[in-house]
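Here is a short briefing on one model. It covers the ligand shell, the nonpolar cores and a few single residues.

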Amino acid sequence: MATPSNVKKHDVMIIGTGMTGMAAALFAAQQRLDTVQAGITGEINFASGLLDLFGVHPVSRGCVLTDPWRGLAKLIQDEPLHPYAKLEINTIRMAMRRFVDFLAKADYPYSFHPDEKNLNVITPAGTIKPTYGVPHTMQKGAQALALKQSCLLVDFKGLKGYSARQIALALAHRWPNLKTVRLEFPDLSGELYTERMARSLEEPQARKKLAQAVLPHIENASAVGFPSILGVYRTKDVLQDLERLLGVNVFEIPTMLPTVTGLRLREIFEQHLPAMGVQINFQQRVLACDHLPGGHFRLHIGNEKVNCHVLAKAVILASGRFLGKGLRADRNGIHETLFNLPVHQPSQRSGWHHKDLFHQAGHPINRSGVQVDKYFRPANCQGRVLHEHLFAAGSILAHQDWIRQKCGSGLAIATAYAAVKACKNLVD
Ligand SMILES: Cc1cc2nc3c(=O)[nH]c(=O)nc-3n(C[C@H](O)[C@H](O)[C@H](O)COP(=O)(O)OP(=O)(O)OC[C@H]3O[C@@H](n4cnc5c(N)ncnc54)[C@H](O)[C@@H]3O)c2cc1C
């Protein structure tokens with residue numbers, strides 16, 4: 001299909017609508033770049049809502065960091081190939097600040113440790129993990145855990161994958177003051193889904209009924225923890241209202257997938273980015289890409305078939321790893337799916353995994369990915385840049401293991417920021 005010569009050429013095409021793609025689109029719009037984006041927006045529904053900046057280093061010793069900034073300074077020395085090592089600490093700080101400022105303006109503020117250290121939060125399995133920022137709905141949970149306050153944890157009949165009792169049992173040795181109760185959720189029956197529960201709590205009447213059911217169980221608890229169901233759009237109202245009705249602090253604990261915390265982020269980006277001028281091709285993928293003279297691109301967008309073409313001066317590839325489909329593994333190796341970029345990977349398939357599933361250092365396959373130069377342009381193993389106008393950011397990058405290093409969102413946001421900055425310098 002030919003592209004008519006009068007088709008508009010955008011400054012940048014962002015491939016991906018996960019955390020990295022959304023952050024890149026936000027920063028590009030803030031830089032007044034004419035931005036177009038495509039991706040399957042459902043991916044961000046997996047986000048726990050926690051903003052991990054840097055939680056474990058070195059992973060081979062499982063050292064949990066209390067101060068992520070000191071940890072980053074050490075990482076930059078220890079792992080010069082890590083994507084974070086291509087950034088100044090101040091750039092990472094600025095990226096995080098811009099991202100959370102945007103969320104605060106969208107009425108979904110995040111909370112941080114007063115000294116910018118990591119916070120400890122409870123997971124749905126009843127373990128404790130370090131993270132840098134939590135949605136305001138989780139703030140009092142981090143506080144209650146730090147102070148070992150007496151708390152009531154609530155769960156609901158019909159809500160699968162979340163057990164207050166299991167959380168309390170798993171935490172008993174570290175947080176003994178936990179009581180639990182299982183309740184019927186007002187006016188919903190059968191199998192419960194967190195999204196429906198959250199939407200229902202946007203209504204004051206549902207909150208009143210829920211508070212009435214919880215009140216008899218509070219006794220001497222100074223806080224009540226719910227699964228993450230405290231609204232989708234009006235989380236501040238839901239939280240304040242429940243605290244008023246219950247007379248104690250209220251907080252959320254993350255749930256298993258898909259999460260309401262991810263849905264909230266998705267809704268915020270989907271509402272705000274178009275208003276900031278970003279043209280999003282929802283639920284569509286880039287199926288192929290042609291290189292044009294001058295280093296520009298023609299991208300073929302659609303699902304099974306091509307629906308439209310986009311011309312762009314630059315591309316930011318934020319297509320993720322195996323789950324996002326930015327990388328694909330087969331018997332011959334690991335491949336980048338769209339541009340066929342070289343992928344840094346173990347020389348043989350037998351080197352992808354250690355024999356021990358829980359090997360402390362993590363499996364080599366998790367550090368595979370696309371290598372980039374200091375401007376986040378994909379490069380080959382000799383460091384030669386492959387395309388001046390192509391940038392890559394987020395979890396697709398090589399030499400990082402965001403799951404073990406507990407740096408998923410931080411890496412996504414900081415590298416998106418750096419890629420947009422480099423892209424802006426190029427197209428201006
Ligand atoms: C289960 C789970 C739990 C997590 N928990 C946390 C946590 O507690 N704290 C934390 O900080 N982080 C967490 N994260 C990680 C965090 O969300 C990461 O930042 C994220 O996974 C990496 O994002 P990404 O955008 O680079 O990749 P992905 O999220 O994989 O997104 C890739 C995007 O690219 C799109 N794409 C791929 N190919 C194409 C194509 N050809 N055309 C168009 N679009 C394409 C996909 O549709 C998708 O939108 C979690 C992630 C998962 C999956």
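Buried means under 20% relative accessible area, exposed means over 50%, and partly exposed lies in between (1.4 Å probe, protein chains only). By that scale lysine 179 counts as partly exposed, because its relative accessibility is 27%. The model is predicted: local features need pLDDT of at least 70, side-chain atom pairs count only at pLDDT 80 or more, and totals for chains, interfaces and linings use all residues. Residues are numbered from 1 along each chain as its sequence is written, and side-chain values use heavy atoms, with hydrogens and water left out.

**Ligand shell**

- The shell holds 29 residues, and Thr20, Ser48, Val286, Ser395 and Ser409 come nearest to the ligand; to be near, a residue needs a heavy atom within 4 Å.
- Threonine 20 places a polar side-chain atom 2.7 Å from an oxygen atom of the ligand.
- Threonine 17 uses its backbone instead: a polar atom there is 3.0 Å from a ligand oxygen.
- Arginine 285 has a polar side-chain atom 3.0 Å from a nitrogen atom of the ligand.
- Taken alone, the ligand exposes 1,000 Å², and the protein buries 88% of that (Shrake-Rupley method, 1.4 Å probe; for residues, only the protein chains shown count as cover).
- Helices (H or I, at least four residues) and strands (E, at least two) are DSSP runs, numbered from the N terminus.
- Helix α11 gives the most to the shell, with three residues.
- By type, the shell has twelve nonpolar, 13 polar and four charged residues. Ala, Val, Leu, Ile, Met, Phe, Trp, Tyr, Cys and Pro count as nonpolar, Asp, Glu, Lys and Arg as charged, and the others, Gly among them, as polar.

**Nonpolar cores**

- The largest nonpolar core has 84 residues, of which Met13, Phe27, Tyr84, Phe99 and Leu299 touch the most other members. Such a core is a set of buried Ala, Val, Leu, Ile, Met, Phe, Trp, Tyr and Cys residues joined through side-chain atoms within 4.5 Å.
- Helix α11 (residues 408-427) gives the most to this core, with twelve residues.
- A second, separate core of 42 residues includes Leu178, Leu210, Leu230 and Leu246.
- Beyond four places in sequence, phenylalanine 27 touches Ala95, Arg98, Phe99, Ile413, Ala416, Tyr417 and Val420 (contact means heavy atoms within 4.5 Å).

**Lysine 179**

- Lysine 179 sits in strand β8 (residues 178-183).
- Its contacts, leaving out residues up to four places away in sequence, are Cys151, Leu152, Leu153, His217, Ile218, Glu219 and Asn220.

**Threonine 261**

- Threonine 261 belongs to helix α9 (residues 260-275).
- Threonine 261 is buried, because its relative accessible area is 1%.
- Not counting residues up to four places away, threonine 261 touches Ala47, Ser48, Gly49, Tyr108, Met138, Ser228 and Glu252.
- Its side chain makes a polar contact of 3.3 Å with that of threonine 259. A polar contact is a pair of N or O atoms within 3.5 Å; within protein, one must be able to donate a hydrogen and the other to accept it, and residues adjacent in sequence count only if both atoms are side-chain atoms.

**Glutamate 202**

- Glutamate 202 lies in the loop between α6 (194-200) and α7 (204-214).
- Its relative accessible area is 7%, so glutamate 202 is buried.
- The side chain of glutamate 202 reaches the backbone nitrogen of tyrosine 233 at 2.9 Å.
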